[in-house]
Structures are given as C-alpha cells and as structure tokens.
Amino acid sequence: MLKVTNLKVNYGKIEAIKDVSFEVPDGKIVTLIGANGAGKTTTLRAISGLERAAGGSIVFEGKDITNLEAHKIVPLGISHVPEGRKIFPTLTVKENLELAGWTIKDKTEVNRRIDQVCEIFPRIKERLSQLGGTLSGGEQQMLAVGRALVTGGKLLLLDEPSMGLAPVLVDEIFDRIAAINKQGTTVLLVEQNAMEALEIADFAYILEVGYTTISGEAKAIEHDQRVREAYLGV
Amino acid sequence: MNVRKLPRFLIAVVLFYIVVEVLYRTEILNGYLLHIINLSLIYVILATSLNLINGITGQFSLGHMGFAGVGAYVSGSLTTLILKLSVTNPASMLPFLLSIIAGGVVAAFVGFLIGFPSLRLKGDYLAIVTLGFGEIIRTIFNNIDAVGGPRGLLGIPKFSNFTVILVAAFLTVVIIRNLIESSHGRAMLSIRENELAAELVGVNTTRYKVMAFTFGAFFAGIAGGLLAHLIQLAHPTQFGFIKSVEVLIMIYAGGVGSLTGSILAAFGLTFLSEGLRLGIRALADATGLPIGGEWRMVVYALLLIFIMLFRNEGLMGMRESRIIKNVEVD
C-alpha cells in the first residue's frame with residue numbers, strides 16, 4: 001500500500017533522514033522504532049507532505065506522492081495523527097471532529113464517521129460538548145486519533161500515541177489502535193515504547209540516526225538479541 | 001440555513017436607521033452626535049474586517065489602517081483629483097460609490113501581497129512585518145506631492161452620509177458573517193486553532209491565510225474611503241501604527257473572534273473616546289485643574305488595562321449574539 005524507497009530529508013544543512021526504506025502492506029500494522037532523533041517523526045512528516053524530501057520516493061497505492069502538498073495528500077486517504085496531539089483547543093470536541101471532515105462534502109457521511117469514533121472511544125462521546133483544550137492528555141490523544149478517523153483514509157499514521165500517557169491509558173490506546181486496524185485501516189505506527197508497539201504490530205523497522213537498519217516480522221524483532229538489548233532493556 | 005432567522009439582523013439595522021433618522025430630523029440628535037455615529041459605523045467595518053484576520057484566522061496584523069489608507073487615497077484621488085465630483089450634483093453618487101469600491105479593490109490587492117509573508121511568519125514576527133508595512137504605506141503617502149504629501153489630500157467632497165455608511169457597515173458584517181459560517185470560515189478557524197492540524201485535515205492553509213488578508217484588506221479599504229469622504233480629508237497620520245492599534249484594541253475589548261463584540265466595542269470605544277474629551281474639558285472648566293483633552297487617553301488606557309485584567313476574553317468572548325448569527329448552532 002505504501003512504499004518508501006531511499007528517502008532523504010534535510011533540515012537546512014542537517015541530514016535528518018539519510019536513507020530510509022520500508023513498506024506498509026495493505027491491512028497490516030507496521031511500526032517504526034527508534035531512539036530520539038532517529039528520524040521517525042520526520043519520516044511521517046515527509047509521507048504526509050509536511051516536509052520536503054531531498055531524495056528517494058514515496059509511493060502510495062501505486063501513485064508517486066513524493067513532495068505533494070499536504071492538503072492534496074489527505075484526500076488520497078492518508079491521515080496523520082501528529083506528535084503532541086495538536087487538537088483544536090478552543091473548539092468543542094464535536095467541532096474538532098466536524099472540522100476533521102472538512103474535505104468531505106457529504107455531511108451525513110461526516111456524522112456517520114463521528115458516530116463510529118464515539119463507538120470506538122466511548123469517552124469521546126461523553127465529552128462532545130466540552131472544549132478540546134479542557135480534555136486530559138489521554139482524552140486528547142483519543143480525540144486526535146478520532147479526528148484522523150473522521151478525516152478518513154486507508155492509511156493511518158500515528159506519531160508517538162503513547163507519549164506522556166499513564167500506563168493504563170497506553171494500554172487502552174494500543175487496544176483501540178489494534179481494533180481500528182481490525183476494521184480495515186492500515187496503520188503506520190511510530191513509537192519509542194517499543195515493547196507495546198511490537199505487541200500489536202505485524203512488521204517492524206528499526207530506525208537509527210537516519211537509516212533503517214533492522215527489519216522483519218514484529219514477533220521476530222521482539223526476540224532479536226540486538227533489539228532486545230538496545231530498545232527493550234532486557 | 002434557516003430562512004426564518006435570516007432577516008433578524010436586517011430588521012435590527014433598519015430599526016436603528018429609523019430611530020437615528022427620526023431623532024436627527026426632530027433635532028434631538030445634533031450633527032455632532034450623528035458624526036460620532038458615522039465614525040462608529042466606520043470603525044465597525046474596520047474592527048469586523050480585522051477580526052477576520054486576527055480573530056478568526058489567527059494572523060496577528062498590526063497594519064490594518066495601512067489598508068484603510070490605500071482605500072482612502074485611491075478613492076479620494078478618484079473623486080477629488082481625477083473625476084472632480086461635486087456633492088451638489090446628484091449624478092455624482094454612482095461614480096462616488098464606484099470610487100469607494102475601487103479603493104477597496106486596490107487595498108485588497110495590497111492585502112493579497114502582504115498575505116504572502118504571513119505564510120512563513122507567525123505571531124510576533126508577523127506582527128512586526130505588518131507593522132512595517134503600515135509604516136511604509138504611511139511614508140509613501142507622506143511623500144507623494146500629487147496627493148498633498150504631508151499636508152494630506154484636501155478638499156475631498158463630503159459624499160459619505162449616514163445612509164451610505166450604514167449600508168456599507170451592514171453589508172460588511174453580513175458578508176464576513178456568511179464567510180465565517182461557511183466551510184471557508186471553518187478552514188480559517190482551524191488555522192487559528194492549530195496550523196499543523198489544519199494541514200492534516202486537508203485545509204490548504206496557504207490559500208486561506210492569503211484569502212483572509214485579501215478580504216480583510218478589501219473592507220478596510222472601503223472603510224478608509226468612507227472615512228476620507230466623511231471628514232473630507234485623507235492624511236498620512238490617520239493611517240499610522242497608533243490608529244491600527246486602536247482598531248486592534250476594539251477587537252480585543254469586544255472579544256477576539258466575535259463580530260458582535262467588534263460591533264459593540266466599535267460603538268462603545270468611539271463614544272467613550274469622544275465622551276471623555278468632553279467630560280475632561282468640563283471637569284477642567286469646573287475645577288480649574290490644569291488638565292487637557294489628552295488626558296482622555298489615560299482614562300482610555302486604564303480602562304483597557306482593567307478589561308484585560310478582569311475580563312481578558314473581552315466583552316463577548318467568542319460568543320455571537322443571536323441577532324448576528326445566521327445559522328443556529330444549538
């Protein structure tokens with residue numbers, strides 16, 4: 001579904017990503033694992049058009065989307081939950097979700113998707129009339145994921161959904177991600193919390209200072225000695 | 001859209017028109033007060049249009065009066081220097097209105113150009129760029145002899161009257177309200193809330209930021225043109241930084257993002273400013289204290305400090321009066 005080949009991204013003179021290649025097959029969960037500064041967020045930003053690629057290619061469903069503008073990528077079916085959630089703070093939860101369906105002309109479809117989000121996240125349903133900025137960290141993360149679901153798409157990009165959340169909430173969020181995937185959405189998950197990510201993922205890629213180094217099935221990666229020492233702390 | 005609720009604002013404006021006309025004809029309302037009402041209405045146009053840029057789209061602009069200046073000088077030059085219109089000739093009204101619109105269009109084009117730096121800049125940095133822009137405009141007027149240079153453009157015919165200004169203010173509010181309530185308005189709102197997230201829900205943030213500046217500048221240009229034809233003068237100092245800040249204060253006092261707030265604050269602060277001038281003079285006469293009219297700025301500023309301390313979301317916050325609203329949001 002998504003194929004990234006020899007991707008290169010620079011911030012000014014700094015090479016943030018030097019050579020990243022990976023593939024996300026239809027219907028699967030793929031996770032990119034790596035330490036701070038490995039280039040995980042930059043990779044996602046390049047896919048959704050927020051960052052320009054200096055080299056390499058990004059192909060989505062057979063269409064080359066390298067360096068396409070963000071607002072042109074969204075309607076193709078890629079929705080991105082950015083790092084740090086980035087909800088609309090002074091709008092209500094309902095308005096947040098409605099705005100997420102901005103590109104969809106048919107408003108009954110938007111409402112149908114909002115209902116779906118409420119089913120997946122019952123807590124969001126309770127908070128519909130509350131302002132986005134007044135939600136707790138976990139609820140904001142759910143809203144951010146919910147918003148991406150309303151925007152819709154075949155591929156969901158998730159950037160550190162566990163960041164800053166209590167362990168109980170981390171479990172809940174990962175549970176929901178697995179459920180969303182079961183309903184047919186392909187997921188590309190970027191995480192520092194490698195253990196949790198490997199648990200729900202089908203395939204995993206390890207990112208190290210701008211390169212994809214180790215890759216394979218999530219179960220195999222979980223038992224790879226090098227990965228265990230470097231990322232799982234066992 | 002609910003048709004039954006559409007004309008509420010129109011009815012309110014017509015009532016306002018009738019009341020003011022009757023009071024003026026019966027001489028209960030003198031020419032001075034009518035002038036203040038006209039000024040207030042021009043400030044309504046300026047404040048609501050700046051609210052579209054600052055309040056709705058979240059692009060901090062400090063050069064709004066620069067756009068008004070463009071409108072004032074373009075329309076003033078057209079009516080006074082090129083067409084040489086006369087108020088006594090009834091056939092002059094149409095060319096006057098067209099001149100005002102031409103001023104708005106040129107201002108909109110300038111707004112379109114100034115919208116571009118806003119694509120790269122945010123917050124304080126954008127504020128400084130727009131501030132610089134306003135000063136450039138002022139300096140240009142100051143140095144073109146054809147439009148009077150530092151003396152200003154004099155002898156502009158007094159075409160602006162209560163009816164023309166009220167209709168312009170009404171149309172401005174209706175158009176901006178409809179824009180805000182449309183999906184374009186939602187896109188602008190999402191940029192204010194979080195630009196990155198706006199991109200990710202598929203909003204072309206570039207396009208909407210430029211659009212906000214263009215629309216805002218158009219109406220500011222209209223307001224500037226009406227002002228020039230009301231006070232019969234276009235002068236560089238009218239369009240400087242201080243004047244832009246006055247409009248900015250109105251939207252903050254009224255509530256950022258609320259058109260109702262902008263309208264109330266435009267009236268409230270214009271009347272307050274004039275009232276203080278009179279009040280302080282009366283106080284000086286009665287007590288013999290050595291205070292002059294400039295002390296009104298002290299009171300005005302203190303009032304603003306108190307608004308920010310005790311009600312920093314402004315008079316209306318982000319709420320909208322039911323009279324202004326077009327679509328009922330339950």
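The model is predicted: local features need pLDDT of at least 70, side-chain atom pairs count only at pLDDT 80 or more, and totals for chains, interfaces and linings use all residues. Residues are numbered from 1 along each chain as its sequence is written, while chains are lettered from A and ligands numbered from 1 in the order in which they are written.

- Glu27(B) sits in the loop that joins helix H1 (8–25) to helix H2 (31–56) of chain B; helices (H or I, at least four residues) and strands (E, at least two) are DSSP runs, numbered from the N terminus.
- The phi angle of Glu27(B) is near 60°, a positive value in a residue other than glycine.
- Asn6(A), in strand E1 (residues 2–11) of chain A, also has a positive phi in a residue other than glycine, near 45°.
- Asn6(A) counts as partly exposed because it has 14 C-beta neighbours inside 10 Å.
- Phe116(B) is placed in the loop between helix H4 (93–115) and helix H5 (117–120) of chain B, and 13 other C-beta atoms within 10 Å make Phe116(B) partly exposed.
- Between Phe116(B) and Leu226(B), 110 residues apart along the chain, the C-alpha separation is 27 Å.
- Ala230(A) belongs to helix H10 (residues 225–232) of chain A and is partly exposed, with 16 C-beta neighbours inside 10 Å.
- From Ala230(A) to Ile104(A) the C-alpha distance is 44 Å, at a sequence separation of 126 residues.

**Chain A**

- Chain A has 10 helices and 10 strands.
- The radius of gyration of chain A is 17 Å, which agrees with the value near 17 Å for a compact globule of 234 residues; the radius is taken over C-alpha atoms, and the globule rule is 2.2 Å times the number of residues to the power 0.38.
- Along the principal axes, the C-alpha atoms of chain A fill a box of roughly 45 × 40 × 30 Å.
- Buried residues make up 46% of the 234 residues of chain A.
- Of the contacts in chain A between residues at least 6 apart in sequence, 66% join residues at least 24 apart; two residues are in contact if their C-beta atoms, placed from the backbone, lie within 7 Å.

**Chain B**

- Chain B has 13 helices and 2 strands.
- For 330 residues a compact globule would have a radius of gyration near 20 Å, and the 20 Å of chain B agrees.
- The C-alpha trace of chain B spans about 60 × 45 × 45 Å along its principal axes.
- Of the 330 residues of chain B, 47% are buried.
- Contacts in chain B with a separation of 6 or more come in 82% of cases from residues 24 or more positions apart.

**Helix packing in chain B**

- Helix H3 (residues 64–82) and helix H6 (residues 123–143) of chain B have axes that come within 8 Å and cross at roughly 30°; axes are lines fitted to C-alpha atoms, for helices over the stretch in contact, and angles run from 0 to 180 degrees between N-to-C directions.
- The crossing of H3(B) and H6(B) is left-handed, meaning that the near helix is turned anticlockwise from the far one by less than a right angle, whereas clockwise is right-handed.
- Residues of H3(B) including Gly66(B), Gly69(B) and Tyr73(B) meet residues of H6(B) including Gly134(B), Arg138(B) and Phe141(B).
- The H3(B)–H6(B) contact residues divide into 6 nonpolar, 3 polar and 1 charged; Ala, Val, Leu, Ile, Met, Phe, Trp, Tyr, Cys and Pro count as nonpolar, Asp, Glu, Lys and Arg as charged, and the others, Gly among them, as polar.
- Helix H11 (residues 241–254) and helix H12 (residues 259–287) of chain B pack at about 120° with axes 8 Å apart, an angle that makes H11(B) oblique to H12(B).
- The crossing of H11(B) and H12(B) is right-handed.
- The H11(B)–H12(B) contact residues comprise 8 nonpolar, 3 polar and no charged.

**Interface between the chains**

- Contacts link 19 residues of chain A with 15 residues of chain B.
- On the chain A side, helix H2 (70–77) and helix H3 (93–100) each supply at least two residues, and H2(A) gives the most, with 4 residues.
- The side of chain A that touches chain B has 12 nonpolar, 6 polar and 1 charged residues.

Terms used
Buried ≥ 20, exposed ≤ 12 C-beta atoms within 10 Å, placed from the backbone. Parallel < 35°, antiparallel > 145°, perpendicular 65-115°, else oblique.
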